[in-house]
Amino acid sequence: MTARKKLFLKTYGCQMNVYDSERMAESLKDYDQTDRADEADLILLNTCHIREKAAEKVYSELGRLRDLKEAKPDLKIGVAGCVAQAEGAEIMRRQPLVDLVVGPQSYHRLPELEAQTRAGARALDTDFPEEDKFDHLNRRPRAARGPTAFLTVQEGCDKFCAFCVVPYTRGAEVSRPAARILDEARDLVDRGVRELTLLGQNVNAYHGAGEGGDWSLARLIRELAKIDGLARIRFTTSHPNDMADDLIAAFGEEPKLMPYLHLPVQSGSDRILKRMNRGHTAEQYIRLIERIRAARPDILMSGDFIAGFPEETEEDVQATLDLIEAVDYGFAFTFKYSPRPGTPAAERAQMSEAEKDDRLYRIQALIARQQRAAQDSMVGREVGVLFEKPGKFAGQMTGKSDYLHAVHVNAEGIAPGDLRRVRITGSGTNSLSGDLIA
Ligand code: 5AD
Ligand code: SF4
């Protein structure tokens, strides 16, 4: 029997990369994971290409690995994820220490590619195969899981927003068949999972094959909700144009679907939304949120914004601030526009970094006020909390509320995976505190 090898896996970017990393680790059956790069036999960087900084980080990380490789010539270094997809051949050329490059659609070939590197070759696969890669990612026997898990249901995007690399790195929109997702969900619940977050770059465009024809995301959620032991369902990330009526209704009708929705709009200016190729206006987005709130009045809204998109004027920034005022977000993320090679907006006239920064800070300041107000407004309310782990202080347990706020409680007898009612009594910097309701 050969000795087991060690895998150091570093994940950048979105939750889908976290999910993919778990599947990759499971597929490398001769490896155990380590959190120490210096004792690894294989180092895999699962990369993100969404903004410039993310890609730069990968190159500087590769630079730092040079010493390790010199000290241990047997060490293999691999790059996975969206930077691998976009720049695989270039990485191979620029970084001789990289042995393996694998794009997000080829993870089922990872064991084979790893074997090629052991035989002394360099291996690259950035194809977009037809089959479902997850079918071929064989699982290891059932390790226990924490109370929360991600589950990819859909991948890729056909929207082609003018700033975004996802349609190029993750490819066309593909939905996994419903039966596979239900099987995977049941397996996760058997292993201790109580909350599932369904993942997709365009998750609400889900239309996977199911009994009686294609299923919508709402149908999939209704079927998942029938699994005993599964307590909570969330999904991310959605596009406003794919918020179907049955999905909106599900927020009011399905108690396991949590009252939290991440629905990026990117800008509040119709002129910029058009240049971004978003396919909707600010008014349509605001009306949509009114309908969602009619179905589920307490829902907490979350969004993404881009500051400093090409040709954005001061008036456009004001329109974004107005939209944020109108919606009143519980959480939101603002990114400085980053020109991505190969996307249409990267070819347009860019503004200075200082100007982008100024806009970023103004949008962030408004969002920070709203986030704070939303969190503070929880004080005095009764919420569900799914406990995940012990808190920083003795006797404390921490978990997430229905609305995704971190909550600490001091109480005996709570275990990870317990879902309890909690009365919120305090609002701190980044979390709430509360007492169990008997
Ligand atoms: N520059 C800045 N932000 C971007 N995003 C996507 N592409 C870019 C880019 N080129 C942001 C969007 C998206 C989130 C995941 O990342 O807001 O919703
Ligand atoms: Fe990118 Fe989202 Fe637009 Fe698709 S919908 S192109 S993933 S920003």
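Predicted model: local features only at pLDDT ≥ 70, side-chain atom pairs only at ≥ 80, totals over all residues.
1. Residues are numbered from 1 along each chain as its sequence is written, and chains are lettered from A and ligands numbered from 1 in the order in which they are written. Local features need pLDDT of at least 70, side-chain atom pairs count only at pLDDT 80 or more, totals for chains, interfaces and linings use all residues, and side-chain values use heavy atoms, with hydrogens and water left out.

2. An unreviewed UniProt entry places the feature "domain: MTTase N-terminal" at residues 5–119; such annotations may be inferred rather than shown by experiment. Over residues 5–119 the chain is 48% helix and 21% strand (DSSP runs: helices H or I of at least four residues, strands E of at least two).

3. Around ligand 1 are residues including I50, D304 and Y337 (a heavy atom within 4 Å). A polar side-chain atom of R51 lies 2.8 Å from an oxygen atom of ligand 1. A polar backbone atom of F163 is 3.0 Å from a nitrogen atom of the ligand.

4. H405 sits in the loop between strand 18 (396–401) and strand 19 (406–410). H405 counts as buried because its relative accessibility is 5%.

Terms used:
Buried < 20%, exposed > 50% of the residue type's maximum accessible area, 1.4 Å probe, protein only. Polar contact = N/O pair within 3.5 Å; in protein donor to acceptor, adjacent residues only side chain to side chain.
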